[in-house]
There are 2 protein chains.
Amino acid sequence: MSERSAKPRKYHLHRNRSAGYLPGEEEPPPSSAMLPRRSSLLKRALLSLPVLLLLAFYAFVSFSPPSSPTTSVSDYAVTTGAGNGNGNVPSLSLLKVFMYDLPEKFNYDVIKHHALVRSSPVPDDISSLKYPGHQHMAEWYLYSDLFSAYVPRPGSPVVRVSDPAEADVFYVPVFSSLSLIVNQARPANSDTPPAYSDEEMQEELASWLKEQELWKRNNGRDHVVIAQDPNALYKIIDRVRNAVLLVSDFGRLKSDQASLVKDIILPYSHRINTYAGNVGVEKRKTLLFFMGNRYRKEGGKIRDLLFQLLENEKDVIIKHGAQSRESRRAATQGMHTSKFCLNPAGDTPSACRLFDAIVSMCIPVIVSDSIELPFEDVIDYSKISIFVDTTSALKPGYLVSLLRGVSKEKILEYQKEIKKVKRYFEYGNPNGTVNEIWRQVSQKLPLIRLMINRDKRVVKGETDEPNCSCICSNQTVLISPL
Amino acid sequence: MSERSAKPRKYHLHRNRSAGYLPGEEEPPPSSAMLPRRSSLLKRALLSLPVLLLLAFYAFVSFSPPSSPTTSVSDYAVTTGAGNGNGNVPSLSLLKVFMYDLPEKFNYDVIKHHALVRSSPVPDDISSLKYPGHQHMAEWYLYSDLFSAYVPRPGSPVVRVSDPAEADVFYVPVFSSLSLIVNQARPANSDTPPAYSDEEMQEELASWLKEQELWKRNNGRDHVVIAQDPNALYKIIDRVRNAVLLVSDFGRLKSDQASLVKDIILPYSHRINTYAGNVGVEKRKTLLFFMGNRYRKEGGKIRDLLFQLLENEKDVIIKHGAQSRESRRAATQGMHTSKFCLNPAGDTPSACRLFDAIVSMCIPVIVSDSIELPFEDVIDYSKISIFVDTTSALKPGYLVSLLRGVSKEKILEYQKEIKKVKRYFEYGNPNGTVNEIWRQVSQKLPLIRLMINRDKRVVKGETDEPNCSCICSNQTVLISPL
């Protein structure tokens, strides 16, 4: 089924292409300047010496005391255990990732078809195509980050390895979220069948993975698969569920497919500009701002009810608006000049608006009872946002009176906390989202290794029931919103 | 309910007592020499200077690169996240444990009553009593390890802190396993009611914890509670289940009380001597050895069936024997001179015999379908033992013919692997079980912090169903035993 040999190829310089964006309806995200640029062989040679010296210095200071041979030193929390075969060798403990050199149909072909549907020019060498901006573009940032990361970089918790035997985990750089929106721009009344099929891409990916020796070895448990859009890879999610999944929420995933224990919640890439100003309320005259789709399915039905409650409040701006460049400008303006930003559930519990609010330093008011949030081990969201349960939020007058009661001091406190953690939501920040995602992957290693070792010896149960290990919240306490 | 004030007291020098063992039916475990000795103020003063210098050196080499301010460097995998309030301060990342100075009824009184029942002398100052040796004595080793660990020790992943604000986790040093066996030595026909009650101790502990501000703050999630005997704390386990539990197995725990994700499986302390010789089969003439109780409840019923199958095989020694000094001598002799050691389930899936076999370099043959094993992220048990599912093990001739078919080379390979990991099962080894337990606790920190932060903002669900995050084994593959 694979277009290429099953054995993944090594690093190819010609694929170290520059990042960028197609002209069309998508604007470059604010962080585009941070993406890697094409680098020449010369540049690489010049860069490598200081990096190697730095590496040597790190290695020197990083040796464990002799009495603790199986653990190792790092600025990141990764240990190399006996289970990994590296028992007594102290080593730099960066997360070692083997990134598959996937057949192009799983990534560059997706960009090509996205361009074709939008009648954008497609060069002969599709590897020079630029990835378009959209809210689920972590797949591009992670791919770019790893692409030439064969030497450790100061501040980065990850290094790419070309030898699978050295790898802690295996990254599958499929553009699964972009694939989902390729055909969105097709005219509704088109007579011709679409040239691209997301479902076919998914099936082919599942078949391709199934053939990989590295995948088969541990049933995919040490693989990392990105499916950031809540619908990405929906057809094959059951076949890749053993992997660490990088997702936006669990709204469309069953509890045996994904969980906080096994998987990682990613932030959406924010689509409006970061607020460059400081903390303060002077320039934020609006109490509460919301702009987005009034009508949504499932948990998002609350939106219409909130519109009815709030649209006549004098210091509240609540507007229906679809995705467009014009909407983004209005949303930027609104979020940069409001104290609070409303974040109701969408079709699924998460929504990109939350991350737009955070980078705007507009305190999020989250009305989404089942939301899961990125990086919650290092971010206490109760310090940067206000949670209101759906039932309370729908009581007439409740929300506005709650928010009007928040003192200026408390608002400044929230803003200061937002400022501290903002970088976690900036994909383009050199110590931002991408680093944190890899750090989160590192933290999964002990459990990944435990499950791999355990799978080697578990005896088949008498029933077909899965054998699960869980951590539970009793939810016996209703936290007061302030 | 508490005998002392709710606020835990600080370190008291008079409690830094020497470790040891009561005379009586329990023999000192092999590692007794490793336990801490009483140290004088002078010794402490002399010791502190070099330790502080070492600490200063560690701090120097441990600073993170400036671009990764929230993570820190260590020879152990612990990071200090923003959620911990230490956002931008690089620090030594040892696991910081606040150990409660519990009322004596939860530890020293237990030793006293254990001695009284056995008519051993009890000094006026019960804090000079020695902890008796038995198979669930991790509670003593952990307590001793932390007792004066206020400065980092080379090779140790843990440091004791006296300020709760600095702590990563809170350790409850209750002697819950010893408490369970206090009355075991009482004559069956005694007329007087017992002076000690394990159940009362448990109830009082639950009440005491419930009053602690530190416990209430996060509903116990950042607490570590030891209950190594499968019956320890059985009455109150539901009330302490949010904590990280240190247990032997999950045989008597429900899935919402304990799991691989939240808790830590401890090895039993081995009760026979470590084999001092090298790998080899020359001195191991017996094929398979087992000595222990023939009749057990539940999963242990398999034992009697195995006796019937194996007792007439010529190169197999299978003997019924209860706990006694004489039995231990015979078991030592048998395990040190056999190639394989049988480990059937007991009343619960785990049994101390497995760890006796490992330190004897006698390859464990594990017949216990639901066993969970300690430190399985760093130990691949399929390399050091043979797993046989119960159904196969009960087929006449299956076990012996399987074991007779293992080549000498393969046996040596198993033995070499056992030698590599033996230290993980030696509580007295300075880089043994105790260090590994603390390292395992460290690895729980990200999930502990995530759950604490998440609990602050989760909205009560519509049902009383707990909200659980799981990792599952599909158990679709029956691993072949060799």
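Guide: What follows is a set of questions about terms, each answered with a value and a definition.

Guide: This is a predicted model, in which local features need pLDDT of at least 70, side-chain atom pairs count only at pLDDT 80 or more, and totals for chains, interfaces and linings use all residues. Residues are numbered from 1 along each chain as its sequence is written, chains are lettered from A and ligands numbered from 1 in the order in which they are written, and side-chain values use heavy atoms, with hydrogens and water left out.

Visitor: How many helices and strands does chain A have?

Guide: Chain A has 14 helices and 12 strands. Both are DSSP runs numbered from the N terminus: helices are H or I with at least four residues, strands are E with at least two.

Visitor: What makes A:P157 buried or exposed?

Guide: Buried means under 20% relative accessible area, exposed means over 50%, and partly exposed is in between (1.4 Å probe, protein chains only). A:P157 has a relative accessible area of 0%, so it is buried. Its place is in the loop between α3 (138-147) and β2 (158-160) of chain A. A:P157 and A:R118 are 39 residues apart in sequence and 37 Å apart in space, C-alpha to C-alpha.

Visitor: What share of chain A do buried residues make up?

Guide: Of the 482 residues in chain A, 60% are buried.

Visitor: Why is α3(B) called mostly covered?

Guide: In α3(B), 10 of its 10 residues are buried. Among them are B:W140, B:Y143 and B:F147.

Visitor: At what angle do α3(A) and α14(A) cross?

Guide: The axes of α3(A) and α14(A) cross at roughly 85° and come within 10 Å. That makes α3(A) roughly perpendicular to α14(A). From α3(A), A:Y141, A:L142, A:D145 and A:L146 meet A:V434, A:I437 and A:W438 in α14(A).

Visitor: What makes the phi of A:S119 worth a mention?

Guide: Most residues other than glycine have a negative phi. A:S119 is not glycine, yet its phi is positive, near 55°. A:S119 lies in the loop between α2 (108-117) and α3 of chain A, and at 66% relative accessibility it counts as exposed. A:N219 also has a positive phi without being a glycine, at about 50°. At 40% relative accessibility, A:N219 counts as partly exposed.

Visitor: Which residues does B:I418 touch?

Guide: Leaving out residues up to four places away in sequence, B:I418 touches B:I358, B:M361, B:I363, B:P364 and B:I384. B:I418 lies in helix α13 (residues 408-421) of chain B, and its relative accessible area of 0% makes it buried.

Visitor: And what is the volume of the largest cavity?

Guide: The largest cavity has a volume of about 460 Å³. Of the 32 residues that line it, the closest to its centre are A:Q443, A:L447, B:V261, B:Q443 and B:L447. A cavity is a set of points, on a 1 Å grid over the protein atoms alone, where a 1.4 Å probe fits but cannot get out, and lining residues have an atom within 4 Å of a point. Grid points are joined across faces, edges and corners, and the volume is the space filled by probe spheres set on the points. The lining divides into 20 nonpolar, 4 polar and 8 charged residues.

Terms used:
1 Å grid on protein atoms, 1.4 Å probe; cavity = no way out; pocket = protein on both sides within 12 Å on 5 of 7 lines; lining within 4 Å. Nonpolar A, V, L, I, M, F, W, Y, C, P; charged D, E, K, R; others polar. Axes fitted to C-alpha atoms, helices over the stretch in contact; angles between N-to-C directions. Parallel < 35°, antiparallel > 145°, perpendicular 65-115°, else oblique. Contact = heavy atoms within 4.5 Å.
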